[in-house]
Amino acid sequence: MAKNVLSKAKDAKQDEFYTQLPDVEKELTHYRDHFFGKIIYLNCDDPDWSSFWLYFSYNFDFFGLKKIISTHYEDNGNSSYMLMLEEQYNANKPNIVKKTLKGNGDFRSDECIELLKEADIVVTNPPFSLFREYVAQLIEYDKKFIIIGNINAATYKETFPLIQHNKMWLGASIHSGDRAFYVPDDYPLDAAGCGIDESTGRKFIRVKGVRWYTNLDHKQRHEELILVK
């Protein structure tokens, strides 16, 4: 691959990378016990595209969730919207509420912060160019979270102390290699890892150095590290 795709996205502010459902499933299955009775907030997720929304809505009863809230940023000057699913999920008659937001859905906006305060756990793929600011907000409001980002984010001066003091750690499912992310239709496919998914017709890019970050405990954190093999 040419220059790291995440670095290029940061430079160009191209932050619309959509996590694929298999990657969401592989990670979130490790946190089932944490989800029971909780409000899940997807604050960087358009439900029309979001694998996180798809995963949690289909597993609403299975996880025993209380509520799912999804908001996303609109960069076209229009207002965004909130989609909420609460109580018992029924595939034939889902209890879904859609509400137009006053603003563009920026996670830093007052109305999105109010939703953040209500949430128990935040799960999303945040903007790569705003990762430092995004994590700082989660810590400020003392939120549990599962988010995806670049492995280089572990070295940031704003995030490394969180790892150092056991306030954030790596997730369970990605340890090496690259991952494919869907991108908008107008995204230029000018890098070696780009292509079009034959099954869906959607554009994608392959990104190296992707990791999950969380402050929810999982079993892998307690596995014995054998140093003599």
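**Ground rules.** I am reading a predicted model, where local features need pLDDT of at least 70, side-chain atom pairs count only at pLDDT 80 or more, and totals for chains, interfaces and linings use all residues. Residues are numbered from 1 along each chain as its sequence is written, and side-chain values use heavy atoms, with hydrogens and water left out.

**The sheet.** I looked up the strands (DSSP E runs of at least two residues, numbered from the N terminus). Eight of them form an open sheet with mixed pairing, in the order β5-β4-β3-β2-β6-β7-β12-β8; a pair needs at least two DSSP bridges.

I then checked β6 (residues 121-124) and β7 (residues 144-150), which run parallel and are joined by four bridges. Ile-121 has Lys-144 as its bridge partner in β7.

**The cores.** Next I asked which residues have the most contacts inside the largest nonpolar core. They are Leu-28, Phe-35, Phe-56 and Val-123, in a core of 33 residues. Such a core is a set of buried Ala, Val, Leu, Ile, Met, Phe, Trp, Tyr and Cys residues joined through side-chain atoms within 4.5 Å; buried means under 20% relative accessible area with a 1.4 Å probe, protein chains only. Helix α4 (residues 51-58) gives the largest share, four residues; helices are DSSP H or I runs of at least four residues. A second, separate core has 24 residues, including Tyr-41 and Tyr-134.

Terms used
Buried < 20%, exposed > 50% of the residue type's maximum accessible area, 1.4 Å probe, protein only.
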